[in-house]
Structures are given as C-alpha cells and as structure tokens.
Amino acid sequence: MSAVQVEKTIDARGMACPGPLMNLIGAIRQGQVGQAFDVLSSDAGSKTDIPAWVAKAKQELVEVREDEGFTHFVVRKAR
Amino acid sequence: MPDGTPGTGLDGRLRPSAPLRGGPQPLLRLCDPAKTQVVDEQEKPISLVLFSGTDDKLNAAAVLTVGAAAMGRPVNVFLQYYALDAFRSGHVTADHALSSEATAAQAPVVRAHPGQHWSELFKQAKDVGEVNIQACALSMEMFHLKQADLDPMVDGTEGVAAFMASASDGQVVFI
C-alpha cells in the first residue's frame, strides 16, 4: 500500500497511449493541491510518459508500483 | 474556430493564439496564461504539416500533437491536400483508409487497435495546451473549400509564410 492517502483511483487499464496520461492531467487540473491520484495503466508508454510529464509540470510522483499486468502511478498535485 | 465563437477555446476561455477573424493575423502567437497551470515553462513550438489524409497517419500526427501539448510545447498544425479533406465538417469520423505502407497483415491490426480516434486526440490536445490548427490557403482553394466546410477544430486558414512565421525557430515535421 502506498503511504499517502489517495483521493481518487484512475483506472486507465486497457487505454492506449497517451490516454492514461491525459486522464491524469485532467484529474490534476481539477483537483486540489495536496490531493493524490493513483493511475492504473497497462500502457507501456505510461512508464516513461507519466514521470516525464510529472517532472515537467512540477507535480510529485509519490510512487510507481508494479501490479499484475499493470502499473500504479501515484501522483500528488503539488501546485 | 466555430462560427459564432471566434477567439474562445472548448472551455470558453479566451485564446490569444486564435487568428482574428477578418483582421490581420498575428505573426507570433502569445502563450495562453490560462494554460500555465499545467506546464509553465516556455518551450519552442513544434509545427506539423499534415499532408496525408489516411487514418493511420492522422492518428500518428494526433498522438504527437497531444504529447507535445501536454509537455507544454505550442503546436502549429498546417492542413494540406488530403489531410485537409479529412477535416471537412461531417467527414472527420468517416473511414479515411490506411496508408500504402500498411500491409494486408498489418491493416486489420491497426484497425482493431483500441486507441481513441484522431479527432478526439486533437480535441484533447487543444484542451490541454496551445494547439493552433490552420488550413493551407492553397489547398482550400484547390478543393473549393470555405471555413464553414471545415470541422470547428480548425481555427482558420493561412498561407505558408504565416505558418512558417508561427513555426519560428522550432522544428517543422511533414506527415
């Protein structure tokens, strides 16, 4: 389990690149500073795209965790 | 821009990058302050010339556009020839076939892929970043098209010199 409290789980499994990232961006734009979102993605592109976008947008990547056939990306809205 | 709503994006915010209807077009487009919430670093624009009108190439171009927009790069899209034809109002989601590179074995794989339609990706790109889609004036004339014949996601019509001015010192990609 991740240490932070997750505000919302974004189940983007099965979505093609760049769908999971776009869902994350939508959640970050609508969310409040401090809230964390858990993106579930089975898209291989997310492994590079989500960390790259989080760095660029100056958000916070709290955790990347492999699950069965997909990956969790826990991202906190930092600003 | 759709008729009746010049100068506003999908979310209704003012878009300084939109060309002025009937007036002179700005040579350098301004950054939209409303988008700074996502990525606020100044980036060089990337400019895509879309020539091919097949669904696979339009999808590849749309993925590049949405990725660049998400990463904070202004994107200029210039629609020529068969790509312009694919952006005609009411024809966007029609079957535009696949490029000749697609083999008989690959074509069904491409068609069965569950990704979003290229038109949806362009709309997402416009929502998340600075994306300006312009029709090539020459191609408009060639196909006897007017702005009202095009899908509302097309912001306007411009000549090649105006497109190059927008491209500024960023890369230009031909698809």
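H144(B) is exposed, with 7 other C-beta atoms within 10 Å. For burial, 20 or more other C-beta atoms within 10 Å of a residue's own make it buried, 12 or fewer exposed, and counts in between partly exposed, with C-beta atoms placed from the backbone. H144(B) also has a positive phi of about 55°, although it is not a glycine. This is a predicted model: local features need pLDDT of at least 70, side-chain atom pairs count only at pLDDT 80 or more, and totals for chains, interfaces and linings use all residues. Residues are numbered from 1 along each chain as its sequence is written, while chains are lettered from A and ligands numbered from 1 in the order in which they are written.

**Backbone exceptions**

- Most residues other than glycine have a negative phi, and most peptide bonds are trans.
- H144(B) sits in the loop between helix 5 (137-142) and strand 4 (156-158) of chain B. Helices (H or I, at least four residues) and strands (E, at least two) are DSSP runs, numbered from the N terminus.
- K58(A) is not a glycine, yet has a positive phi of about 55°. K58(A) lies in the loop between helix 2 (46-56) and strand 3 (60-66) of chain A.
- K58(A) is exposed, with 12 other C-beta atoms within 10 Å.
- C17(A) and P18(A) are joined by a cis peptide bond, with omega about 5°. P18(A) falls in the loop between strand 1 (6-11) and helix 1 (19-30) of chain A.

**Chain B fold**

- Chain B has 6 helices and 5 strands. Along the sequence they run β-α-β-α-α-α-β-α-β-α-β.
- Chain B has 175 residues, and 38% of them count as buried.
- Of the contacts in chain B with a separation of 6 or more, 78% link residues 24 or more positions apart. Two residues are in contact if their C-beta atoms, placed from the backbone, lie within 7 Å.

**Helix 1 against helix 4 in chain B**

- The axes of helix 1 (residues 55-70) and helix 4 (residues 118-128) of chain B come within 8 Å and cross at roughly 15°. Axes are lines fitted to C-alpha atoms, for helices over the stretch in contact, and angles run from 0 to 180 degrees between N-to-C directions.
- Helix 1 of chain B is therefore roughly parallel to helix 4 of chain B. Angles under 35 degrees count as roughly parallel, over 145 as roughly antiparallel, 65 to 115 as roughly perpendicular and the rest as oblique.
- The residues of this contact divide into 11 nonpolar, 3 polar and 1 charged. Ala, Val, Leu, Ile, Met, Phe, Trp, Tyr, Cys and Pro count as nonpolar, Asp, Glu, Lys and Arg as charged, and the others, Gly among them, as polar.
- A60(B) is in helix 1 of chain B. A60(B) is partly exposed, with 16 other C-beta atoms within 10 Å.

**Nonpolar core**

- The largest nonpolar core has 51 residues; L24(A), L50(B) and L79(B) touch the most other members. Such a core is a set of buried Ala, Val, Leu, Ile, Met, Phe, Trp, Tyr and Cys residues joined through C-beta atoms within 7 Å.
- Helix 1 of chain B gives the largest share of this core, 7 residues.
- L50(B) touches residues including L58(B), V77(B), L79(B) and I175(B), not counting residues up to four places away in sequence.

**Interface**

- 11 residues of chain A are in contact with 15 residues of chain B.
- Helix 1 of chain A supplies the largest share of the chain A side, 5 residues.
- The chain A side divides into 7 nonpolar, 2 polar and 2 charged residues.
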